[in-house]
Amino acid sequence: MNHFSDRFFEYAAQHSSPEPKLLAQLRRETHQKVLQPRMLSGPLQGRLLSLLSKIIQPKRILELGTFTGYATLCLAEGLAPNGEIHTIDKNEELVDFQKKYFEASGVDQHIHSYLGEALRILPRISGTFDLIFIDADKSNTVNYFNACIDKLRKGGLLLTDNVLWSGKVLEKTELGDKETAVLKDFNALAASDPRIETVLLPLRDGLTLSRKI
């Protein structure tokens with residue numbers, strides 16, 4: 001569910017910086033060849049991710065949920081020199097797709113990809129991060145937050161996607177709808193956790209920005 005009409009989103013995209021050609025190609029191929037292409041961040045949110053990364057100039061980025069690599073490459077645009085992105089996804093069918101575009105971007109040497117369940121892989125990744133993007137399976141969003149918060153440096157930025165869940169967070173949760181229930185719990189947690197300050201943006205399917213205090 002869009003909280004504004006599609007015309008407003010189209011207008012916003014038209015009056016934002018243009019999507020790079022490689023990302024436009026990636027987006028088209030995702031829609032042509034990959035199931036559930038709506039999971040891709042898209043041009044407007046992608047430009048926001050890029051701009052936030054450029055403002056922060058992170059040395060280390062952690063991403064949960066690579067999908068086809070669109071958001072990964074948007075975030076990579078702001079990497080500090082010799083910076084690195086650690087990105088995790090459990091879909092092995094997308095590995096070659098990701099690799100193709102990471103290599104074409106010329107920043108593949110800065111991207112460390114992990115295949116498997118994020119909650120099992122996270123303990124193996126040491127150090128702290130300047131920016132963390134959570135965009136994996138929604139039923140684990142609270143678990144991901146809890147697993148990542150100590151990996152975020154003080155003053156670092158945590159981004160969490162799909163927090164409006166097609167508007168379902170505004171409705172009574174249906175029996176068995178774990179994703180909506182967890183996202184409601186996460187939204188309440190993000191708004192009240194004393195370790196962070198948070199703004200929930202009604203952009204696309206909802207994007208939460210949290211700064212670690």
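Let me begin with the largest nonpolar core, which has 27 residues, and in which L26, L49, L73, L75, F133 and L159 touch the most other members; a nonpolar core here is a set of buried Ala, Val, Leu, Ile, Met, Phe, Trp, Tyr and Cys residues joined through side-chain atoms within 4.5 Å, and buried means under 20% relative accessible area with a 1.4 Å probe, protein chains only. The largest share of this core, six residues, comes from α4.

This is a predicted model, in which local features need pLDDT of at least 70 and side-chain atom pairs count only at pLDDT 80 or more, while totals for chains, interfaces and linings use all residues. Residues are numbered from 1 along each chain as its sequence is written, and side-chain values use heavy atoms, with hydrogens and water left out.

Helices (H or I, at least four residues) and strands (E, at least two) are DSSP runs numbered from the N terminus, and two strands pair if DSSP finds at least two bridges between them. The open sheet has seven strands in the order β3-β2-β1-β4-β5-β7-β6, with mixed pairing, and its edge strands, each pairing on one side only, are β3 (111-115) and β6 (196-201).

Definitions and conventions: Buried means under 20% relative accessible area, exposed over 50%, partly exposed in between (1.4 Å probe, protein chains only).
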